[in-house]
Amino acid sequence: MNAPYPTPFFTPDPQTAAGSRIAEFARRQGIDSGDYAALHRWSVTDLEGFWAGVWDYFGIDAATPYEQVLAEERMPDGRWFPGATLNYTHHALRHLADDDTAIVALDETGSGYEVTGKRLRAQVASVAATLRDLGVGEGDRVVGYLPNTPHAIVAFLAAASLGAVWSVCGQDYAPRAAADRFAQLEPTVLITADGYLFNGDTHDRRDAALELARTLPGLKATLLVNHVGLPWPTRAYPSLVVPWEEAATRTEELTCAAVPFDHPLWVVFSSGTTGLPKGIVHGHGGVLLEHLKTLGLHSDLGPGDRLLWYTTTHWMMWNLVASTLLTGATTCTYDGSPAPFAKPDILWELAARHRVTVFGTSPQYLLGMAKFGVDPSSAHDLSAIRVVGCTGSALPASAYPWVRDHVGDRILLASISGGTDIVSGFAGSAPNIPVWAGELSAPHLGVALAAYDSAGFPLVDQVGELVVTRPMPSMPLRFWNDPDGTRYRDAYFSAYPGVWRHGDWITLTSHGSVIVHGRSDSTLNRNGVRLGSADIHDVVERLPEIAEALVIGAEEPDGGYWMPLFVVPAPGATLDDTLRERIRDAIRSGTSPRHVPDEILEVPGIPHTRTGKKLEVPVKRLLQGAPVEQVVNPAAVDAPDLIDHFARLGAERRDRASTGTGSPFS
């Protein structure tokens, strides 16, 4: 006899669900608006019908029509909407009336300002004309070293209007780390700010911006944004300098270049475990359709809504923050700490003040609010919020009652899992499906999600590899500097040919939900920002006192995330508090504060494969409690005794945790 399905934590109000956009979309397709499973089933069995339906529902305004929806169904290299020409920027601005609020610019001090539709359109037109005068055309690259402010959105839309390719990185990244990304693109123009705010401090990035500009050969110009009020130095830049105030205040008409559906829109970077960060290229049309589906149907965003989602510009959620404009809703930018010392509930205060309807954050933020006893609804009127979105890692079941009790009992808590790779979600929630605590309600529409075992057989109610068995329009066009596609295929299609393997452990439940268990590869994922272990290894191993280093990130049962750094001191060196602080400083200045590990621990050695590759995933799994025999064959390891060493460390840490005595390494 089958076990009964678990009771949902939250069931949508039937009237609210019936009035949602996803319900209207279902009715247009002749599908019961209350049967999400039927709608999803149709969306992945009739790909052409589904994506044509999305195109029609949102009224895509193409300069030339498409010849067919999916010319070649294959992964990789599926060909979507051949013949269609369009432009992302045109769609981002088309719904905005002159007096509408397009963007609300906020920061951790509580101050802010609004950008109207008229002003946004004018600034985009002006910056686009400036870029054009600087020699930027279709296919050229424009990069931003910018915090999360309206300047980044304006610059992105201006570049996209020309058919140029955009990429952006937050200013907490060191110049070298930013250059590791941008130098690959050989950009024509750099747009950079004087600094950013974080935790009560103004971080001066003027020298960092100059250093970055000097590392980008072929740069024709740098646009300088005065964000925090610091005067720009008079030292010569290696290229022409244009003040933002001059670039953004010209009187120009906006003309958007009609580009093919798969013309590159942006390059987002997702760090792997070795080498330079990989540049992932997405196209105008694929992003347009995917983000309209995700934001317009799953989040039910439209005119009159306001979205505030805490993010940095180098996290994929920034791309969705910008894409909120596609739906006609208002988007909010935010510069600062999500919980500054002076006012840890500032995001809730701003959400109340600006009548935010969709509030987005990470599991760590919600868990932190609960841990420190913050009660947002007692201090602020949060009645406008109807959705709290949460992504970056799995949201533990313990966080759900806190949101209900301290934010609002009628709020849909939408836990989402996706990736920079598709710059969207694989699974999440919707206005017409229940929520189970600790689970994602269902796979997203158009996502043929499955959990595979090692032999490629689908699993239900068992842990397996997250795979997607049919193509999506927002899958990468390619990797940057990967002319024959080898790196792209190796990244996603080597485990199961023709099937996308993402690198997460998931369970597809028999009641239709998805449980995410964490990464199955070695990419670090701290607070939703994916970090490359290679970035940290490179900085630490340049210190003369360190012979070798290994960083891992381990998801913990309580929803936490532990990121230790293991080091092997050089002969004669001692890992004391002074050296630990030197390591932290090197990581902070050489990469970013986000890369600083939770602990720095001495080990006798780092295990490798026989070909010299560090065993990052096996060490992670050993520390999480997996048996040695399920993790690695000791005969394939250069120093098998080190495998036993890390297995013991994992066991000791779990013993300490179970008795409440903390880390065995402290």
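**Working through a predicted model**

All 7 of the 7 residues of strand 14 (residues 264-270) are buried, so this strand is largely enclosed by the rest of the structure. Buried means under 20% relative accessible area, exposed over 50%, and partly exposed in between (1.4 Å probe, protein chains only). Strands (E, at least two residues) and helices (H or I, at least four) are DSSP runs numbered from the N terminus.

Before you start: this is a predicted model, where local features need pLDDT of at least 70, side-chain atom pairs count only at pLDDT 80 or more, and totals for chains, interfaces and linings use all residues. Residues are numbered from 1 along each chain as its sequence is written, and side-chain values use heavy atoms, with hydrogens and water left out.

**Exercise 1.** Find the strand that pairs with strand 14, and the sense of the pairing.

- Strand 14 pairs with strand 15 (residues 278-283), antiparallel, over 6 bridges. Two strands count as paired if DSSP finds at least two bridges between them.
- For a landmark, look for S270, which sits opposite K278 of strand 15.

**Exercise 2.** Work out how helix 4 (residues 47-57) is placed, and what packs on it.

- Count first: 8 of its 11 residues are buried, so helix 4 is largely enclosed by the rest of the structure.
- Among those buried residues are F50, W51, W55 and Y57.
- The buried residues pack against helix 2 (21-28), helix 3 (36-45), helix 11 (284-298) and strands 1 (70-72), 2 (79-80) and 3 (85-86).

**Exercise 3.** Is E114 buried or partly exposed, and what does E114 touch?

- Locate E114 in strand 5 (residues 112-116).
- E114 counts as partly exposed because its relative accessibility is 39%.
- Skipping neighbours within four places in sequence, E114 is in contact (heavy atoms within 4.5 Å) with T101, I103, V104, R119 and R306.
- With T101, the two side chains make a polar contact at 3.0 Å. That term means a pair of N or O atoms within 3.5 Å; within protein, one must be able to donate a hydrogen and the other to accept it, and residues adjacent in sequence count only if both atoms are side-chain atoms.

**Exercise 4.** Decide where to be careful with the model.

- Start with pLDDT, the predictor's confidence in each residue, from 0 to 100. The protein chain averages 93, and 97% of the residues score at least 70.
- Then go to residues 662-666, where the pLDDT is below 50.
- Where pLDDT is low, the predicted coordinates should not be read in detail.
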